[in-house]
Amino acid sequence: MQVSTFSIKLAVSLLITLSLIGCRKKIDYSTSSDIWTEVIDPNQPVYGPWDSVDVGNIYDISHVESDGHSIYFTGTSNQLRQVFKMDSLGTITSLITINSSILQLGSVTLLQYEPQSQLFYYCLEGVSSGAIRTFDSTGPLHSYDFDLGGIVNFKINALIDLDTSLVVGGRYSVSGTGNPSSKNITILNKTTGVSYPLDGISREVMDLEFYNNEIYCSGHALTGVFAWGGWAVMKYNGLNWISVGYTNNTGYNNTEPPKVTGIKAYDNKLYAAGNLNSAMAEIINNNYSNNQNIWNMADPKTYIYAKFEEYNGVLYAYGDIAPSYNTFKCVLRKTTGSWQKVGAIDEKAEDIAVLGNTVYAVVNGGLLKHGL
């Protein structure tokens, strides 16, 4: 089936407009010069180490999520990739069997809870169909026929649920039967299964955000052919991609290209984390403040990874994070206008979730916890 570019853009424009009725006050994030950073209070106490969660014979844990009642995580047991549920008493049950861990393809790349629909999404690497799947607290529900081409490293990094549609971001280049070819970012109709490619993003989408009727995506040289070309944060207004921030020599110490691995709209600001000029995270807004680091990267020579999550109105950051005045890695939370450390972790936190007064983190294939 052939779909004209005009038809696609018109459909996407209408979709975005309808999906954001009742949105918050519009903030313009498009001015890349209006960028500043925040600082962690160096006088706050250093919290102790995290505790291990007893998960029995489960290993290779990759993702963790919370629905406000229980903790859900993906891992392997008896050579089977599964989704597990842990209740408030710490009892763990297998909720979904995904596939065999012996298979090269099919590892989980994303686990995400959507409060409005009360559904979980999880995504599988490189599968030839059903790359996006849903479940609720009782078990599996639906599999979307989203084809990632059956190639290793074709994966989905981020989803946005727009009620009737999904925005799908990651690293892929596929031609679905009956749909236009898509690359790295696509809108998928949840009812019909028809997809609309958002052409113009030439490299991997590492994170997505939806705010003020616009789709934001982040990554590395998103619109460039070469490593030093293009922008690291872009937004889509329903018709075109618009550059937001970070291009060419704005990476760490101006020696590496910028790479934004995490973005999050919070408190009328757009937070960006990754390989930036002199910091690990900054805020993009239409005002300007003093240029201070939120945090420094733990090791400027390693791959930089940082993400944001919001739970109960509190913003959390995790990944390769180390305050500039300390050497340990940590998870951060933003309360009362300042960033606070949540314990010391010696390794990178791959994912986090919050349930009650406890933060859970995936570290080295295991699950850790720390009280707030």
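Is Lys-190 buried or exposed, and what is the relative accessible area of Lys-190? Lys-190 is buried, with a relative accessible area of 19%, where buried means under 20% relative accessible area, exposed over 50% and partly exposed in between (1.4 Å probe, protein chains only). This is a predicted model, in which local features need pLDDT of at least 70 and side-chain atom pairs count only at pLDDT 80 or more, while totals for chains, interfaces and linings use all residues. Residues are numbered from 1 along each chain as its sequence is written, and side-chain values use heavy atoms, with hydrogens and water left out.

**Salt bridges**

- A search of the whole structure finds five salt bridges, each being a side-chain nitrogen of Lys or Arg within 4 Å of a carboxyl oxygen of Asp or Glu.
- One of them joins Lys-190 to Asp-161, with the closest N and O atoms 3.1 Å apart; the pair links distant parts of the chain, since Lys-190 sits in the loop between β13 (181-189) and β14 (195-197) and Asp-161 in strand β11 (residues 155-161), 29 residues apart.
- Strands such as these are DSSP runs (E, at least two residues), numbered from the N terminus.
- Asp-161 is buried, with a relative accessible area of 16%.
- Arg-171 forms a salt bridge with Glu-204, the closest N and O atoms being 2.5 Å apart, and this pair links Arg-171 in strand β12 (residues 165-175) with Glu-204 in the loop between β14 and β15 (205-211), 33 residues apart.
- Arg-171 is partly exposed at 26% relative accessible area, whereas Glu-204 counts as buried at 17%.
- Lys-235 and Glu-214 meet through their side chains in a salt bridge of 3.5 Å, N to O; Lys-235 lies in strand β17 (residues 231-236) and Glu-214 in strand β16 (residues 214-219), so the pair ties together parts that are 21 residues apart in sequence.
- Both Lys-235 and Glu-214 are buried.

**Aromatic pairs**

- The structure holds eleven aromatic pairs, counted when ring centres of Phe, Tyr and Trp (its six-membered ring) lie within 6.5 Å, with planes under 30 degrees apart taken as stacked, over 60 as edge-to-face and the rest as tilted.
- Among them, Tyr-72 and Phe-135 form a tilted pair, 6.2 Å centre to centre with 50° between the planes; Tyr-72 lies in strand β4 (residues 71-77) and Phe-135 in strand β9 (residues 132-136), so the pair ties together parts 63 residues apart in sequence.
- Tyr-72 counts as buried at 0% relative accessibility, and Phe-135 counts as buried at 0%.
- Tyr-72, Tyr-113, Phe-120, Tyr-122 and Phe-135 form one aromatic cluster.

Terms used. Helix = DSSP H or I, 4+ residues; strand = E, 2+ residues; numbered from the N terminus.
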